Amino acid sequence: MLKKIPVSELKLGMHLQEFCGAWLDHPFWRTKFVLTDPNDLVLVRECPITEVWIDISKGLDVDAGSPAAGVNAEIVEKLPEPPSAKIEKTSFNNEVKRASRIVAKGKEAVVSMFQEARMGKAIEAEAAAPLVEEISNSVMRNPGALISLARLKSADDYTYMHSVAVCALMIALARQLGLDEQQTRDAGMAGLLHDLGKAMIPLDVLNKPGRLTDTEFALVKTHPEEGHKLLLEGKGVSDVTKDVCLHHHEKVDGSGYPKGLNSETMSLFAKMGAVCDVYDAITSNRPYKAGWDPAESIKRMAEWKGHFDPTVFQAFVKSLGIYPIGSLVRLESGKLGVVIEQGEQSLLKPKVKVFFSTKAQAYIKPETIDLAHSPEKIAGREDAAKWGVKDIDRYWAAEKS
């Protein structure tokens, strides 16, 4: 019972089934709802998309005198989507602006899902599928862009942006592990919904700037099981998503929660979720602490015995690089720089934007050095505070604006 109509014929009370255009070009993160808000109607008419599908079995039909009125809705069928064009890899700079739009719309989607969960509405995983697809495509074009941007989150929006970041990390890791397309999409959806249970935790506890009391920490630790309950009541939720939601805080030595699983009893996807969740958490600014440098985070995670599956963790490092984007490094020449893009041939030879001389102890004119084509080498990681350097992210994230 579908009809394709021009957006000029849309009116309140119609069931908006789908936009005829790109996900990033329309104003909503989801479709398949009845238009009830006049502001939504304005947003649709102002967006670049000119046609939409409506479902007249779930909402109003077009007016009798309109050009679309004579169409027999029962025989109108959507043609199958054309095969997706091969996704070409691109540079960080080319992808970062598009990735920035995906991250912003992704945050909107997660905020909406959390609000719906708090109101007792059933989760519809299918509605988030286009978001997961967009994130997946961005990761294929250039994994560093979206993953790095999603790390740039304020303490206030951590919970929502964390879900977007873990979705992207899970997709990149799935590809590194050689999982098929369906498994990769499942991994992405699992990352997006893994922390849904935090919707059931009071915001004053989630966003508390100081140390949690034992009672508050015990409450936060209920979020995997709370999220699992929400997903069991949801629609179209895969077993992988439920598994990762319930088990992303398990550890391979059995010391995690809520079930005390170990390397033998954890699924591959739960092991993936454990790594991706921790990495984004420790590299992000939280209400109670500043995030660690990405390269320092990788180093520390490698030292946590019994926490992660070694094979999964090694694949994770390969997917991000030993020096992930945003890492502060010192070159053998004494220059400090921030990693802005991974090298294609070697994890040890990324592109670095240098901006500070440790010998002169002064800022220098920023310059990008591709270590794959330079005699320069990385001497090691550096602590920004040691040199009084602040806001190093501006050297690689400026391209998004």
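**A walk through the aromatic pairs**

This predicted model has 11 aromatic pairs in total. Start by selecting F114 and Y160: the ring centres sit 5.4 Å apart and the planes meet at 80°, which makes the pair edge-to-face, since anything over 60 degrees counts that way. Colour by helix and you'll see F114 in helix 2 (residues 92–118) and Y160 in helix 5 (residues 158–176), so this pair ties together parts that are 46 residues apart in sequence.

Next, jump to F356 and Y363. Here the centres are 5.2 Å apart with the planes at 85°, so this pair is edge-to-face too. F356 is buried, with a relative accessible area of 4%, whereas Y363 is partly exposed at 45%.

Which charged residues lie over ring faces? Pick K105, which lies over the face of W23, 4.5 Å from the ring centre. Then try R286, placed over the face of Y158 at 4.0 Å from the ring centre.

Last stop: M140, in helix 3 (residues 129–141). M140 is partly exposed, with a relative accessible area of 26%. Show its neighbours and, leaving out residues up to four places away in sequence, you'll find M140 touching I87, K89 and R175. For a distance check, draw a line from M140 to L331: the two are 191 residues apart in sequence and 29 Å apart in space, C-alpha to C-alpha.

Conventions
Residues are numbered from 1 along each chain as its sequence is written. This is a predicted model: local features need pLDDT of at least 70, side-chain atom pairs count only at pLDDT 80 or more; totals for chains, interfaces and linings use all residues. Side-chain values use heavy atoms; hydrogens and water are left out. Helices (H or I, at least four residues) and strands (E, at least two) are DSSP runs, numbered from the N terminus. Buried means under 20% relative accessible area, exposed over 50%, partly exposed in between (1.4 Å probe, protein chains only). Contact means heavy atoms within 4.5 Å. Rings of Phe, Tyr and Trp (its six-membered ring) pair if their centres lie within 6.5 Å; planes under 30 degrees apart count as stacked, over 60 as edge-to-face and the rest as tilted. A charge sits over a ring if NZ of Lys or CZ of Arg is within 6 Å of the ring centre and within 35 degrees of the ring normal.
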